[in-house]
Amino acid sequence: MSKVAVVFWSGTGNTEAMANAVGEGAGQAGAEVSVLPVSMVSADEAAGYDALALGCPAMGAEVLEESEFEPFFTALEGKLSGKPVVLFGSYGWGDGQWMRDWEDRAKAAGAVLKAQPLMVNETPDDDALADCRTLGAAVVP
């Protein structure tokens, strides 16, 4: 059984709701899933999973959350080569530049992106949560 970590940061609960739905989808696809706030896992621990679903909302001028998630992802980048990964997050403004930049970084690090990154404006509705479950299933090796 594949082990999948869903690692996220959430300020308002929107990205957390997405993370839980991603985890449900991965579990329904047969994976053993851990849904973890980024504060509860190190980059080394995350790299030990078979696949990763990473979630972070857009912050400030469309960047990853800077105090916890950005340092985590920076530490993780060197460990992503060949790793199945999906990216997701919520936003309230902008056009998704944070996600495009994040996707570029993950690809440059050698991550195997298993689906297009998923962005949800504000609170995820039922359709967005269904998309999250599909994303979770896609990352399962």
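Student: How do you know how many disulfides there are?
Tutor: A search of the whole structure finds zero, where a disulfide is a pair of cysteine sulfur atoms within 2.5 Å. Cysteine 56 is in no disulfide, and the nearest cysteine sulfur, in cysteine 132, is 14 Å away. That is too far for a bond.

Student: What sort of model is this, and how are residues numbered?
Tutor: This is a predicted model, in which local features need pLDDT of at least 70 and side-chain atom pairs count only at pLDDT 80 or more, while totals for chains, interfaces and linings use all residues. Residues are numbered from 1 along each chain as its sequence is written, and side-chain values use heavy atoms, with hydrogens and water left out.

Student: Is cysteine 132 buried or exposed, and why?
Tutor: Buried means under 20% relative accessible area, exposed over 50%, and partly exposed in between (1.4 Å probe, protein chains only). Cysteine 132 has 0% relative accessibility, so it counts as buried. Cysteine 56 is buried too, because its relative accessible area is 0%.

Student: Which residues does valine 112 contact, leaving aside its neighbours within four places in sequence?
Tutor: They are Gly82, Lys83, Pro84 and Val85, with contact meaning heavy atoms within 4.5 Å.

Student: What makes one side of helix 4 the buried side?
Tutor: Trp98, Met99, Trp102, Glu103 and Ala106 are buried in helix 4. They cover an arc of only 130 degrees around the axis, so they are on the same side of helix 4; the arc is that of the directions from the helix axis to the C-beta atoms. On the other side of helix 4, Lys107 and Ala108 are exposed.

Student: What covers those buried residues of helix 4?
Tutor: The cover includes strand 3 (51-55), helix 3 (69-77), strand 4 (84-91), strand 5 (112-113) and strand 6 (118-121).

Key:
Helix = DSSP H or I, 4+ residues; strand = E, 2+ residues; numbered from the N terminus.
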